Amino acid sequence: MAAPPWRALAVGLLAGAVLGWTTQGWRNDAVLADVRRTAATAEATAAAALVQATGRVLLLERAAGGQLATRTDQLTEDNHHAQTDRDRFMADVRSGAIRLSIPVAGYRPGTGADPADSAAAGVDRQQARAELDGAAAAALDAIAGDGDAATRQLNACIDAYNLVRDTYHVQTE
């Protein structure tokens with residue numbers, strides 16, 4: 001007995017489907033392998049770029065850290081020199097080697113001139129001076145020294161800010 005024609009057709013279609021499915025699987029496997037290779041290559045490239053960028057940043061950090069440490073040492077040295085100068089100055093004031101005085105506005109010894117009278121009359125305004133005692137001189141020196149120290153510290157902060165901004169190319173606007 002001969003097989004009906006529809007069976008041969010069904011077997012042929014089934015064999016074609018199996019063959020097509022197998023071929024399509026092979027192609028998909030090849031495409032997947034290619035995608036995996038491309039992804040692995042991209043991942044390796046990104047990892048290498050990350051390692052390189054991290055190395056650059058670490059070098060920048062080390063350089064900036066060294067420069068900041070140098071600036072800190074310079075500030076410490078400047079503060080030490082300033083304190084030494086202030087101590088020497090105050091020792092000279094205490095010993096009498098340096099005398100501090102302030103002008104006394106409008107007072108002219110022996111004339112009895114009023115400040116307003118002398119200014120209005122166009123009188124030569126040669127001013128008398130009043131000498132500061134040691135405590136007042138020390139107080140003024142302390143105020144000036146604190147201001148100078150604050151200025152040095154602020155300048156060091158500005159230098160550090162500029163260093164970091166320039167090192168890392170930070171946009172400030």
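**Figure 1. Surface and burial in the predicted model of the protein chain.** The model is predicted, and within the protein chain, which has 173 residues, buried residues make up 9%. Among contacts between residues at least 6 apart in sequence, 65% join residues that lie at least 24 apart.

**Figure 2. Order of helices and strands along the protein chain.** The protein chain contains three helices and two strands, and these elements follow one another along the sequence in the pattern α-β-α-β-α.

**Figure 3. Packing of helix α1 with helix α3.** Helix α1, which covers residues 5-95, packs with α3 at an angle of about 170°, and their axes are 10 Å apart. Because angles over 145 degrees count as roughly antiparallel, α1 is roughly antiparallel to α3. Sorted by class, the residues in the contact of α1 with α3 comprise 15 nonpolar, seven polar and six charged ones.

**Figure 4. Confidence along the protein chain.** The mean pLDDT of the protein chain is 83, with 84% of its residues reaching 70 or more. Confidence is highest in helix α3 (residues 134-167), at a mean of 92, and lowest in helix α2 (residues 115-120), at a mean of 50. Over residues 120-124 the pLDDT stays under 50, and for this stretch the model has three contacts beyond four places in sequence. Where pLDDT is low, the predicted coordinates should not be read in detail.

Conventions
Residues are numbered from 1 along each chain as its sequence is written. This is a predicted model: local features need pLDDT of at least 70, side-chain atom pairs count only at pLDDT 80 or more; totals for chains, interfaces and linings use all residues. Side-chain values use heavy atoms; hydrogens and water are left out. pLDDT is the predictor's confidence in each residue, from 0 to 100. Helices (H or I, at least four residues) and strands (E, at least two) are DSSP runs, numbered from the N terminus. Contact means heavy atoms within 4.5 Å. Buried means under 20% relative accessible area, exposed over 50%, partly exposed in between (1.4 Å probe, protein chains only). Axes are lines fitted to C-alpha atoms, for helices over the stretch in contact, and angles run from 0 to 180 degrees between N-to-C directions. Angles under 35 degrees count as roughly parallel, over 145 as roughly antiparallel, 65 to 115 as roughly perpendicular and the rest as oblique. Ala, Val, Leu, Ile, Met, Phe, Trp, Tyr, Cys and Pro count as nonpolar, Asp, Glu, Lys and Arg as charged, and the others, Gly among them, as polar.
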